[in-house]
Amino acid sequence: MAFESDSPLDTLWKEYGRVFADFDDLTLARWLAQTLGQLEGKSWRLSHPLVGAYRLAAQIGNDRSIWHKRLATPPAAYAESPCCRAPFLPLLTRDIRESGLICQHCNETLVPFDEIPADLRGEVEAWAKLYEPIHAVAHWDDRQRRHAGGNYDAAYETAAQEAEKLLIKAGAELAPKLLNHYAAAVWEDQDECLEVRPEDVGL
Ligand SMILES: [Zn+2]
């Protein structure tokens with residue numbers, strides 16, 4: 001669900017997002033603030049329809065600098081993001097060591113890896129270090145595939161199964177711990193390169 005590309009799925013999401021483009025600024029700001037109230041206190045799958053709708057609205061709000069206009073007051077539990085002044089809504093992904101926690105409003109780094117609270121960082125780092133070589137199987141070059149003894153399909157399938165387990169850990173253990181520091185959190189519940197879908201990641 002990267003909104004910038006022109007894949008058929010992203011084109012479809014752009015079509016979905018038009019409903020929010022028709023909102024005026026005040027209506028959009030109120031919708032965002034109210035929905036943050038409903039997101040508060042839980043960790044959410046990236047694939048959850050409410051999160052998907054929120055992300056579409058948030059992106060249009062970001063394009064219109066809606067949080068700079070102070071048209072609606074978000075719930076008090078949300079801090080202000082340093083990147084774009086939107087309420088603090090972090091996304092946990094497998095790229096956390098490189099990208100940190102990602103802002104759901106502007107898609108920039110919201111919390112650099114080194115600034116993740118220490119009690120959480122060690123556990124997230126260990127998880128990401130396990131995940132990185134597993135995810136890399138999807139991007140092996142020909143030489144690496146040959147090293148797999150001519151059985152790349154089996155290596156890929158094993159990696160997909162390992163990724164499923166790690167995504168379950170992210171959703172069941174890591175994302176809830178983000179709530180010790182943030183009002184709400186989102187976690188990526190798929191691995192498109194290994195063809196692990198949200199419905200494969202059962203909590
Ligand atoms: Zn931001």
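**Exercises: a sheet and a zinc site**

Strands β2 (residues 90-92) and β3 (residues 101-103) run antiparallel and are joined by 2 bridges. Strands here are DSSP runs of E with at least two residues, numbered from the N terminus, and two strands pair if DSSP finds at least two bridges between them. This is a predicted model, where local features need pLDDT of at least 70, side-chain atom pairs count only at pLDDT 80 or more, and totals for chains, interfaces and linings use all residues. Residues are numbered from 1 along each chain as its sequence is written, and side-chain values use heavy atoms, leaving out hydrogens and water.

**Exercise 1.** Find the bridge partner of L91 in β3.

*Solution.* Start with L91 and look across to β3: the partner is I102.

**Exercise 2.** Name the protein donors of the zinc ion and decide on their arrangement.

*Solution.* Begin with the donors (N, O and S atoms within 2.8 Å of the metal, or 3.2 Å for Na, K and Ca; water is not among the atoms, so sites may look incomplete). They are the SG atoms of C83, C84, C103 and C106, 2.3 to 2.4 Å from the zinc ion. Then check the angles: they span 105 to 119 degrees, so the arrangement is tetrahedral (four donors with all angles between 85 and 135 degrees). Finally, read the spacing in sequence: C-C-x18-C-x2-C.

Notes
Tetrahedral: all angles 85-135°; square planar, octahedral: opposite > 155°, others 65-115°. Helix = DSSP H or I, 4+ residues; strand = E, 2+ residues; numbered from the N terminus.
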